[in-house]
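Please have a look at the model first, and then I will go through some of the pairs one by one.

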Amino acid sequence: MTKTATKQGFTSKPLFKQILLLVLLIVLIVIMHLITGGKMLSMKNITKNILPQAVFPTVVAWGMMFIFGTGLVDLSIGAQVILGANIGAILAMDAGLGYVGLIIAPFIVIVICELMVVFCSEFLKIPGWIAGLGCGLIFEAIMVMWTQARSKTAGSAVITLGDDLRVLGRWPVNVIIMVVIFVIVYLIYNRTSIGINLKAIGGDPGVSSAVGINRRKALIIAAIIGAVIVGAAAILNISKAGSISASSGLASLSTIFKALAVTLIAMSLNSWISEPVGALGAGIFVSSLFNFLTIMGVQAGTLQEVILGAVVIICGVLARLNYKGVAK
Amino acid sequence: MADIVLKTEHLCKFFGATKANNDLNLEIPRGAVLGLAGENGSGKSTLASMICGIQKPTSGKMYLNGQEYAPSNPVDANEHHVAMVLQELGVVGPLDPVTNMFLGRTGKFKSGPLVSLSGMKKEAEATFEKWNLTKVPLTGVAGNMSIENRKVLELARALSIDPKFLILDEISQALSHDNRKMLYKFIEHFTSPEVGGTILMVTHDLEEMMEICTHISVLRDGQIIDTRPTSEYSMDELKRLMIGREVSGDYYRADREEMYQQDVVLKVEHLTVPGELNDISFDLHKGEILGVCGLSDGGIHSVGPALFGLSEHRKGNIIYVPANRQLKGPKDMIQTNGAYLSKDRDADGLMLDASIGQNISVPNVRLLTQGPLKFLSPARVNKLANKASVDFEIKSSGLGQVVKSLSGGNKQKVNLSRWLVQDLEYVILDCPTRGVDIGVKAYIYGVMKQMKEKGIAIILISDELPEAMGMSDRLLVMKDHEMAGMLSRTTDFIEDKIIEVML
């Protein structure tokens, strides 16, 4: 017996929507380019500003996707980046370990920090955002104490990388690394059991447990992968900037503000487009938007953030227009 | 001697002092469809969840095909070819339907480190084909699927493990007429000697149980009261065993007349929601029960949200006639003493993590405030919540109990009571008896009859034709999202005639 497919009010058109998004992104960037009188999309501006400035928020956003995707909203990631990058710089410069210290330390430090947040949340049974904020304060304090001690012994609180250790932050190496990370993230997130399980436990922990997914194991694996990606972002960031100052009072949150915006845009568009691709597009768009606003003389730190906030809201509203499920 | 597939010996499951299952001894023969009958909270779902590895017994043993069986989790149960379709909706909304089908088992499709998405899709389609299930859209995200399609998807997920023992917990309550027929055919095929499957079925639809099941076990207060072949039970005896007292056999309306007042409460003109409803018009009278029925995806479950103003891009007019007021959204409905109970009570009706008291008081805030600043009066809140709890016989440890922890029937009582404690003029009920036992069902029908006598107008949207026929004055039959006919209780309520209009 042949049965007919049932009708639904909502018809999924992923390919159409994806093309629509791409066209929209290109149109917006071209409009911005035209408004700047052809300055924005010059090769020099793209390679010196737009793409390099997209690297850090985009890579952090990929890391956040793994962590936030499990339902753990961890706001200590900015503090982890500062701590990991600085310890990497200390080992590279003060301990003389060079690239070995610069690369290995951020990965180890950020994985440990992230697992601390996970364990606080899981075993102390407190909401992830509270665990994240608490741990974030601790991570910041550790870095502040370290730099204060360093300023007494080495004469300077800020560790600055030597030019020979900053290759990873330069064009085109940073963008090539971003592309490699994108491919890995895309495959893990969309094409492995790890990615599927993390999205399942973030989507519905009850159902996930009922179908036999080990929630705690999936959470820890996702946190480790997310932390490794954030570690890569920390290395790219300090390599580009040369140094990162310690912060306190949760000022580290501002380090990841753009990455948070990129993550929110990617997550809000997830019924249209896979999050890793959405984050890549959003990262480039956010970088382009800030570059556009800077060229137009819009004041940084106030109006630029207002416009970015509006973009995040618009993306969220557009993406949820046809969604019947629960918007998270 | 019968070939026993599953056997339980002194099986117990305690939650603190609560004995959800107490000393269960059960033998299920191969090829049987064993129905578990019992009131809400009698322990049916607990037994099912232990068999499929979601919960572990406190004591006692289970045997599967003669071997001791103690599944550590659902995947372990699946590896023993035991699968289950859960009572509550069990899909992960943000994931696509194909991934949902193989959640927890995606490793099976690994090609190197990666999961083969095309392999999963192929197997999903093959499962639908193999078992002749109604095809549901496999693209997009599961959260956008209708409840019915999600249930079919869950059935497909259970079948994708190639089960030999299948537990169906309240599945048919989410299905409409044609998909129920599909389910019954599937059950017949699955338990045939060629396939050799066995089914444990939990359903509150006793007519369905008597028709489908080969054997019935009755549970009461966590214990098995009786197990016999279905042919040895009469409907009245089954009800009596379940409830522990006599229950009237005829709980629908006894009259055969279309009876209501001439005053129109709601006038619906050309109600249209693109892709969901097309040009629906009717009048709802005081004291009328207007049934809405149709085949699956015929659009009946779009009527409630559209009337209540929850659907986007709604067109047409909904007029509250006594005040000649155009109703544009939920606020207008509530201000004109209207109410709406959705089909999916967990997602759209109740606040599951809130207490019974909070759930009851939220829709009634305007009745509970006092003074010019509209402060919420704790005394009024408690009084109203207590009244609702007593009037609707909600079984709980108190008004502070979290709704999530209640049984299905008690959740529905909370859902109903929170609206019905008000002085309503009209109410839209979408599948009000979904997932509730015979006692609660009889109770809800009793409430509806009382409301009708008081002159309250009711729109009863139902997947169950006997329910719609048994309670309605008129039946609005829908087909392909349009109105196919309006039938009268006096002249047209013949099942074949209604089905003819549906088709």
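Let me begin with A:R150, which counts as buried at 12% relative accessibility, where buried means under 20% relative accessible area, exposed over 50% and partly exposed in between, with a 1.4 Å probe and protein chains only. A word on conventions: this is a predicted model, in which local features need pLDDT of at least 70 and side-chain atom pairs count only at pLDDT 80 or more, while totals for chains, interfaces and linings use all residues. Residues are numbered from 1 along each chain as its sequence is written, chains are lettered from A and ligands numbered from 1 in the order in which they are written, and side-chain values use heavy atoms, leaving out hydrogens and water.

What does A:R150 pair with? The partner is A:D94, in a salt bridge whose closest N and O atoms are 2.7 Å apart, the term meaning a side-chain nitrogen of Lys or Arg within 4 Å of a carboxyl oxygen of Asp or Glu. A:D94 itself is partly exposed, with a relative accessible area of 42%.

In chain B, B:R30 forms a salt bridge with B:D3, with 2.5 Å between the closest N and O atoms. B:R30 is partly exposed at 38% relative accessibility, and B:D3 is partly exposed at 42%.

Turning to another pair, B:D391 and B:K387 form a salt bridge with closest N and O atoms 2.8 Å apart; B:D391 is partly exposed at 34%, as is B:K387 at 44%. Salt bridges that share partners also join B:R253, B:D255, B:K452, B:D473 and B:R489 into one network, and over all chains the structure holds 26 salt bridges.
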